[in-house]
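Please look over the sequence and the model first, and then read on.

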Amino acid sequence: MSTAPPLTLLYVPADRPDRVAKALTSEADVVLVDLEDAVAPSRKDEARATLRLLTETSRPVQVRINHASTPWHSDDIAAIARLPLAVGARIPKVESPDEVHALADALPGRALHLLIESALGVERALAIATASPQVTSIGLGEADLRSDLRVADDTGLTWARSRIIVAARAARLPPPVMSAYPNVRDLDGLAASCRAGRALGFRGRTAIHPAQLDTIRAAFLPTADEIERAREVMARLDNAITAGVGAIALADGTFLDVAMVEQARTVLALADPDEL
């Protein structure tokens, strides 16, 4: 069984059962069935009924629900509670640990994937990430965050992005995935944005169209040079352990440290999970 982390997460509106069924057969690593922003208020009940398609799927799936401040939240919670526990709950606009506690009580044993979309949420990121053992990931909802911060481009999000990455690491959660890139035709821009996010510490990205999946995957998979270097790191480590040597250097003279070994393991897990 593959242990590679998910790199592509595809949003699909829950009020379109045809698209949900198609997404479940897509190449996305995770399917995100959306009851929130992608569904008009008049179609919330219809969207919730589509969740029946998730009762028997073996695909990794999460359902994004409406926030507790909305009139649809309670019905969303009840609908998810009827689904297999393997289906995760994706929670928008989280701002406090108390919200997480309430969700964990309402959905016992279910993975909670939290989206932080406000300045207050960013400031409380670590407290939110550690509020419950059910918290499985945290990430940003950048459209709402841009509005809250009153910033027009990615430059104004750099600190918030780094804050979420640090909070996830401190909470011993996986690296966050990037928020969706809104221009589905601009694949060059998507690739450049993914590379910038990868450099910050993100791993993977949500998509709003299947056409974005290949670009996202290519941007987050390691290059041939990175794989070769990772293999060298692990080979040198194995040889040094066998020989009882403490200090280890690569062929270029770089001495290994713990961070380099962990990075090598991450690269190989992405490149070929069976190699580790």
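## Terms and model

A residue is called buried when its relative accessible area is under 20%, exposed when it is over 50%, and partly exposed in between, using a 1.4 Å probe and protein chains only. This is a predicted model, in which local features need pLDDT of at least 70 and side-chain atom pairs count only at pLDDT 80 or more, while totals for chains, interfaces and linings use all residues. Residues are numbered from 1 along each chain as its sequence is written, and side-chain values use heavy atoms, with hydrogens and water left out.

## Domains

An automatic or database assignment divides the chain into domain 1 (8-220) and domain 2 (224-271), and their centres, taken over C-alpha atoms, are separated by 34 Å.

## The annotated binding site

In an unreviewed UniProt entry, the annotation "binding site" covers Arg 64 and Glu 117. They span 54 residues in sequence, yet no two of their C-alpha atoms are more than 13.9 Å apart, so they gather at one spot. Such annotations may be inferred rather than shown by experiment.

Arg 64 belongs to strand E3 (residues 61-64), strands being DSSP runs of at least two residues and helices runs of at least four, numbered from the N terminus. Arg 64 counts as buried, at 11% relative accessibility, and its side chain makes a polar contact of 2.7 Å with that of Asp 34 (a pair of N or O atoms within 3.5 Å, one able to donate a hydrogen and the other to accept it; residues adjacent in sequence count only if both atoms are side-chain atoms).

Glu 117 lies in the loop between strand E5 (112-116) and helix H5 (119-123), and at 7% relative accessibility Glu 117 counts as buried. A polar atom of the Glu 117 side chain lies 3.0 Å from the backbone nitrogen of Lys 93.
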